[in-house]
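Trainee: I have not seen this structure before. Please take me through its pockets and a helix pair.

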Amino acid sequence: MKIPFVTFKPMEKELDDDLKDAFNRVYKRSWYIEGEEDKKFEKAFAEYCNSKFCVGVGNGLDALFLALKAIGIKEGDEVIVPSNTYIATALAVTYVGATPVFVEPNIQTYNIDPDRIEEKITNRTKVIMPVHLYGQACDMDPIMEIARKHNLYVVEDCAQAHGAMYKGKVIGSFGDAAGFSFYPGKNLGALGDAGATVTNNEELANKVRVLGNYGSDYKYHHIMQGNNSRLDELQAAFLSAKLPLLDKMNEERRRIAQKYLDGIRNSEIVLPYVPEYAVPVWHIFAIRCTRRSELEAFLNNAGIGTNKHYPIPMHLQECYVGLGYKQGDLPIAEEISETELSLPMFYGMTDEEIQFVIDKVNEFK
C-alpha cells in the first residue's frame, strides 16, 4: 500500500464544483486585487477567529512581519520566539530589524515553555511571539500574564493551527495580533501562497493594510514606507469556498489522530501529548524516536510517506550564525529536531490507510 505524507485529492474532489465556481466568479468579474472576494473572506475569517478585523496578505510570513512593523518593532528591539518552530517565525523578526530571542519548548507539547520566558526578557524586549506548533495551542494564560506584567505585545503565530482551541477559546484571539498562513498544505490552505493578520485593534489593522499596499492609504498617496503584500481575489475566493469545510476537516484530523494515539503501541515511539487546556487541529502528527533515521527508512520502504518538522533547529541554521549560538545551547529544541518524525495526516485518509500506518509503526523494532 502506498500512503503519501499528504494529499489534497479527497478534499479537492469534495470541493471541485465550489472551487471551479470561485475561479469563474473572479474570472468573469475581471477584478483581481482588493475586491469583493477579499472583503468577503476577511469578514468571514475574522468572525471565525472571534476577532474584529482580518487583513489578507501575501503569505504567512508577511502576516507576522507586517504585524510587527505595524506595532513599531524596529532595530534594537528583541522579540521572544520559541526555539522549536519553522524559520518564518524568526524571519518575521529579523525583517523588521529586531533580534529573535529563542526560548526552549516544553518537551511534552513542543510549544514555548512559559516558565522559561521571563529569564530571557530584557529592557529591549518588546514582543512575545508564541507559535501554536503542529496545530496545538500554546498555554496562553501564563504567556498573557507575563506580557501584562512586563508591558509587552503578544503576536500569535497561528500558521499551523487554524481553529485550534485553548480553554474553549479559538487561538488567534488572545494577543494584540495573530498571523495565519494559507499555504496549500495548511488546514485551511489556498491554491497558492496567501496569509492574513487578525486583530481586535482597528488602528493596527489599518496599519497592516496600508503597509501591505506600498504604504498607501489611497491611490498614489503613501504615508508609510510599505511593502507589496496583498491577498489576491482568486485565493480569497478559493479560501471562502474552503472555510465552511474547515471544522469538518479539523474534526476528521482529530479522528485520525485519536486512532493513532489509541493504536500505536511501540516502546520506541514517543506519542504526542495533549494537555487538558488544548483542543488541537493536528496539522502535524509528530512522534519522536531516538532511531528516527531507521524508522523513517522502515516506513518509507513500506510505502508510507513521512516528513521531519524540523531537522535543523533555527539557532543552528546557517543564516543565523551571526546570533552566536552553538550546538548544545538549546538542547530541547535540538533533541526534538533530532528525533521528531511526522506521520501521514490528511483529510480523506481511509481507515485502511490509518491502520496500515499503525501496524507498520508497531512492527518497527
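**Pockets and a helix pair**

Mentor: This is a predicted model. The second largest pocket has a lining of 16 residues, and E34, G35, D38, E42 and R209 lie nearest its centre.

Trainee: Which element supplies the largest share of the lining of the second largest pocket?

Mentor: Elements that each supply at least two residues of this lining are α3, β1 (53–57) and α7 (202–211). The largest share is four residues, and it comes from α3.

Trainee: How many residues of that lining of the second largest pocket are charged?

Mentor: The space in the second largest pocket is about 250 Å³. Its lining divides into five nonpolar and four polar residues, and the charged ones number seven.

Trainee: What is the volume of the largest pocket?

Mentor: Its lining has 33 residues, with Y86, Q160, Y183, K186 and Y310 nearest the centre. Two or more lining residues come from each of α4 (60–71) and α5 (88–95). By class the lining has 17 nonpolar, 11 polar and five charged residues. The volume of the largest pocket is about 640 Å³.

Trainee: How is α2 oriented to α3?

Mentor: Helix α2 (residues 16–29) packs against helix α3 (residues 36–48) with the axes 11 Å apart and at an angle of about 140°. An angle has to be over 145 degrees to count as roughly antiparallel. The angle therefore makes α2, relative to α3, oblique.

Trainee: How many charged residues are in the contact of α2 with α3?

Mentor: From α2 come R25, V26 and R29, and from α3 come E36, E37 and K40. By class, one is nonpolar and none is polar, while the charged residues number five.

Note on methods: Residues numbered from 1 in each chain as written. Predicted model: local features only at pLDDT ≥ 70, side-chain atom pairs only at ≥ 80, totals over all residues. Heavy atoms only, no water. Axes fitted to C-alpha atoms, helices over the stretch in contact; angles between N-to-C directions. Parallel < 35°, antiparallel > 145°, perpendicular 65-115°, else oblique. Contact = heavy atoms within 4.5 Å. Nonpolar A, V, L, I, M, F, W, Y, C, P; charged D, E, K, R; others polar. 1 Å grid on protein atoms, 1.4 Å probe; cavity = no way out; pocket = protein on both sides within 12 Å on 5 of 7 lines; lining within 4 Å. Points joined across faces, edges and corners; volume = space filled by probe spheres on them.
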